[in-house]
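Here are a few friendly notes to read alongside the model. Take them one at a time, with the structure open beside you.

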Amino acid sequence: RHSFPTRRSSDLGKRVNVVWSATSDEKEKQLLPIRIPLSKGLLGYRIALIRAAQQKKLDSVHNLDDLRQLKFGLGPGWGDVSVYKAAGLPVLIAEYEDLFKMLSFGRFDLFSRGVNEIFSEYQAQKGNLPNLAIEQHLLLYYPYPFYLFVSPQTPALAERIERGMRVMLDDGSFDAIFRKHNRVAIQQADMKHRRIINIPNKLLPSKTPLSDARLWYKPGN
């Protein structure tokens with residue numbers, strides 16, 4: 001979730017030759033992307049931390065225009081800040097550790113968190129910030145794949161990693177690992193009973209494999 005510094009391609013691969021990160025056009029130009037979304041794009045499904053007293057107000061939110069009347073809290077350098085801004089959603093930027101208290105004090109309305117993040121974070125914060133709550137009815141979604149990226153100096157490594165991951169997709173072990181690490185959070189989220197609002201990711205690279213259904217988690221599958 002950190003910012004991605006620009007470097008000359010000649011500098012890449014000298015100390016690190018594999019990273020994992022949310023994708024972007026910049027990264028896909030500088031590095032070799034392995035276009036298999038880690039965690040099947042689950043981080044693109046978002047549930048919000050809110051102030052408990054705001055739940056009634058949020059019950060009336062049904063679409064993107066309604067969301068544009070609210071303010072989101074996000075961290076500096078997070079890859080999806082640009083997604084929210086491009087969709088016309090108001091954003092307040094602050095350090096991750098500060099966002100919980102700022103939400104509690106009413107500086108913004110929604111702290112959008114991944115389905116696989118929100119429940120553990122809420123448990124960690126509720127003792128000190130008892131007015132926080134997990135929003136009950138909304139599920140925000142935007143395509144937000146995290147990939148492995150490999151240095152352009154090691155194309156053979158990129159090919160080998162991708163070949164291995166596709167073997168895992170074919171034999172079912174990729175899905176088995178996904179279920180092992182995300183099953184509990186998915187059950188807690190009860191996503192199929194939430195009201196989904198799609199947020200367009202206008203900055204998604206054109207080669208994102210959206211048409212390959214086996215690469216992406218969908219609620220209810």
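1. Helices here are DSSP runs of H or I with at least four residues, strands are runs of E with at least two, and both are numbered from the N terminus. Counted that way, the chain has 8 helices and 10 strands.

2. Please remember that this is a predicted model. Its mean pLDDT is 92, and 93% of the residues reach 70 or more. Over residues 1-10, however, the pLDDT is below 50, although this stretch has 22 contacts in the model beyond near neighbours in sequence.

3. Now for the overall shape. A compact globule of 221 residues would have a radius of gyration near 17 Å, and the chain agrees with its 18 Å. Along the principal axes, the C-alpha atoms fill a box of roughly 55 × 40 × 35 Å.

4. How much of the chain is buried? Buried residues account for 46% of the 221. Of the contacts between residues at least 6 apart in sequence, 79% join residues at least 24 apart.

5. The side chains include 33 positive and 22 negative ones, with the centres of the two sets 1 Å apart.

6. Two residues deserve a look at their backbone angles. Most residues other than glycine have a negative phi. Ser 39, in the loop between β2 (32-38) and β3 (45-51), has a positive phi of about 60°. Asp 190, in the loop between α8 (173-189) and β10 (195-198), has a positive phi of about 50°.

Terms used
Residues numbered from 1 in each chain as written. Predicted model: local features only at pLDDT ≥ 70, side-chain atom pairs only at ≥ 80, totals over all residues. Heavy atoms only, no water. Rg over C-alpha atoms; globule rule 2.2 N^0.38 Å. Buried < 20%, exposed > 50% of the residue type's maximum accessible area, 1.4 Å probe, protein only. Contact = heavy atoms within 4.5 Å. Lys, Arg positive; Asp, Glu negative; His and termini not counted. Charge placed at Lys NZ, Arg CZ, Asp CG, Glu CD. pLDDT = per-residue confidence, 0-100.
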